[in-house]
Amino acid sequence: MVKRSLSLKPLLFVFSQNFQNQLDGYDFPVYSTESCPRNQSEWNKRSSAINCTNDNGYMCIPNDDRTQLLEFCYIYPRILITKETCLYMYKSFSRVNAYNCSNFMSGCPSSVYFSSEIFKYPSCFLIGNGCFRAEPTCTSSHTTTHPQETTKPIDVEIVTRNYRTTASTDEKTNQTLTYNDYVIYDEIFMMPILAGVLIPIIIFCMLCVIYRKGKTIDFG
């Protein structure tokens, strides 16, 4: 009787490769990669390889310098992204940020889409020389400006909405979706920061006014 043993070499290789590609400086595991998935099958395989779940969706986007592609399991299942928008990872806050791609020569998303469908828009992750290749200003020079980039990191807002869209090819088209989506919203991220700065200033000013008024009271 011949005994067959299950080889763990492929699993160990994938684990070792992911460990070697893991980058420092992020709030959760982020890995460098040579390319992003080009279809749903590749997307699912890469998602499983780094142990993404239904609560922490797989993403593959450029870094903030557009010099490296990153893959990771994000803090949300998926994000609803507005049209004419690509994403990149903002390292300082370990959050994705929006990039206006309306000036791309081709490939800029013309309708809203989910982050889990970004593989349909290769122009959003084809990079070179510190820029998106679809940009007219992206040349062989290593010095590239980014005029379309947003000036602040974005976060997401949880909203319940009825949204009419065209699903991917393996789903029914023109169906009405009703569920909790995660929508890019610029101001949500800045509000806690502004509150943390302004509230102490306001309290300090109020204390100064009260102190000055107290000194003018005549107790004699």
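## A pair of facing residues

Ser32 stands opposite Leu70, a residue of strand β4. Their strands, β2 and β4, pair in the antiparallel sense over 4 bridges. Strands here are DSSP runs of E with at least two residues, helices are runs of H or I with at least four, and both are numbered from the N terminus. Two strands pair if DSSP finds at least two bridges between them.

## What kind of model this is

This is a predicted model, in which local features need pLDDT of at least 70, side-chain atom pairs count only at pLDDT 80 or more, and totals for chains, interfaces and linings use all residues. Residues are numbered from 1 along each chain as its sequence is written, and side-chain values use heavy atoms, with hydrogens and water left out.

The score pLDDT is the predictor's confidence in each residue, from 0 to 100. The protein chain averages 74, and 61% of the residues score at least 70. Over residues 141–182 the pLDDT stays under 50, and the model has 99 contacts (heavy atoms within 4.5 Å) beyond four places in sequence for them. It also stays under 50 over residues 185–193, with 13 such contacts.

## The sheet

Let's look at β2 (residues 30–33), which pairs with β1 in the antiparallel sense over 2 bridges. Here Val30 of β2 is the bridge partner of Leu23. The hairpin of β1 and β2 has 6 residues between the strands, and Gly25 in this hairpin takes a positive phi near 95 degrees.

In a regular strand the side chains alternate between the two faces of the sheet. Both faces of β2 are covered: Val30 and Ser32 are buried on one side, Tyr31 and Thr33 on the other. Buried means under 20% relative accessible area, exposed over 50%, and partly exposed in between (1.4 Å probe, protein chains only).

At the start of α2, a side-chain oxygen of Asn39 comes to within 3.2 Å of the backbone nitrogen of Ser41. After α2 comes Asn51, with a positive phi near 65 degrees.

## Aromatic rings

The whole structure holds 11 aromatic pairs. Rings of Phe, Tyr and Trp (its six-membered ring) pair if their centres lie within 6.5 Å; planes under 30 degrees apart count as stacked, over 60 as edge-to-face and the rest as tilted. Because Trp43 lies in helix α2 and Tyr58 in strand β3, the pair ties together parts that are 15 residues apart in sequence. Trp43 counts as buried at 5% relative accessibility, and Tyr58 counts as buried at 4%.

Phe72 and Tyr74 also form an edge-to-face pair, with 5.9 Å centre to centre and 65 degrees between the planes. Both Phe72 and Tyr74 are buried.

Definitions and conventions
A polar contact is a pair of N or O atoms within 3.5 Å; within protein, one must be able to donate a hydrogen and the other to accept it, and residues adjacent in sequence count only if both atoms are side-chain atoms.
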